[in-house]
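Good morning, and thank you for making time for this presentation.

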Amino acid sequence: MSNINDEIIDILTPVIGFGLARTAVSTQCKKMGILPEELSEKNILEFSERFEKILAIFAGEEVALTITHRINSLK
């Protein structure tokens with residue numbers, strides 16, 4: 001059974017590559033004070049809101065919105 005952080009990495013990999021996706025999830029979780037394995041329904045919205053801002057810089061706002069919508073649907 002995969003956990004939410006693995007599912008987020010799977011969503012991000014086609015856009016930014018596996019290595020960067022894994023690093024980005026880990027870094028964002030660290031900024032939130034949690035481990036990637038601790039991502040859950042209770043903090044996925046906070047994660048996606050924070051992550052959207054960063055993703056928009058690298059992939060553009062439209063892609064960032066699409067990706068964060070997919071992340072939010074994981075709850």
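Throughout this talk, contact means heavy atoms within 4.5 Å. What you see is a predicted model, in which local features need pLDDT of at least 70 and side-chain atom pairs count only at pLDDT 80 or more, while totals for chains, interfaces and linings use all residues. Residues are numbered from 1 along each chain as its sequence is written, and side-chain values use heavy atoms, with hydrogens and water left out.

Let me start with Val 25. Leaving aside neighbours within four places in sequence, Val 25 is in contact with Asn 5, Ile 8, Ile 9, Leu 12, Pro 36, Leu 39 and Phe 47.

Several of these names return in the core. By nonpolar core I mean a set of buried Ala, Val, Leu, Ile, Met, Phe, Trp, Tyr and Cys residues joined through side-chain atoms within 4.5 Å. Buried stands for under 20% relative accessible area, exposed for over 50%, and partly exposed for values in between, with a 1.4 Å probe and protein chains only. The largest nonpolar core has 19 residues, of which Ile 8, Leu 12, Val 25, Leu 39, Phe 47, Phe 51 and Ile 71 touch the most other members. At least two residues of this core come from each of helix H1 (4-16), helix H2 (18-32), helix H3 (44-59) and H4. Helices here are DSSP runs (H or I, at least four residues), numbered from the N terminus. As general background, in soluble globular proteins nonpolar side chains tend to be buried together.

I turn now to helix packing. Two packed helices are described by the angle between their axes and the distance between the axes. The axes are lines fitted to C-alpha atoms, for helices over the stretch in contact, and angles run from 0 to 180 degrees between N-to-C directions. Angles under 35 degrees count as roughly parallel, over 145 as roughly antiparallel, 65 to 115 as roughly perpendicular and the rest as oblique.

How do H1 and H3 pack, and at what angle? Their angle is about 15°, and their axes lie 13 Å apart. H1 is therefore roughly parallel to H3. The crossing of H1 with H3 is right-handed; a crossing is right-handed if the near helix is turned clockwise from the far one by less than a right angle, and left-handed if anticlockwise. On the H1 side, Ile 4, Ile 8, Leu 12, Val 15 and Ile 16 meet Ile 44, Phe 47, Phe 51, Leu 55 and Ala 59 of H3. By class, this contact has 10 nonpolar, no polar and no charged residues. In this classification, Ala, Val, Leu, Ile, Met, Phe, Trp, Tyr, Cys and Pro count as nonpolar, Asp, Glu, Lys and Arg as charged, and the others, Gly among them, as polar.

The second pair is H3 and H4, packed at about 155° with axes 8 Å apart. These two helices are therefore roughly antiparallel, and they too have a crossing, which is right-handed. Residues of H3 in the contact include Ser 48, Glu 52 and Leu 55, and those of H4 include Glu 61, Ala 64 and Thr 68. The contact of H3 with H4 divides into 12 nonpolar, three polar and two charged residues.

Ala 64 lies in H4, which spans residues 61-72, and Ala 64 counts as buried at 0% relative accessibility. Beyond four places in sequence, Ala 64 touches Glu 52, Leu 55 and Ala 56. Thr 68, also in H4, is buried at 3% relative accessible area and, with the same exclusion of residues up to four places away, touches Ser 48 and Glu 52. Is Glu 61, by contrast, buried or exposed? Glu 61 counts as exposed, at 64% relative accessibility.

Two further buried positions lie elsewhere. Ala 21, in H2, is buried at 0% relative accessibility; not counting residues up to four places away, Ala 21 touches Ile 9, Leu 12, Thr 13 and Ile 16. Asn 43 is in the loop between H2 and H3 and is buried, with a relative accessible area of 8%.

Lastly, Glu 7 in H1 counts as partly exposed, at 28% relative accessibility. Thank you for your attention.
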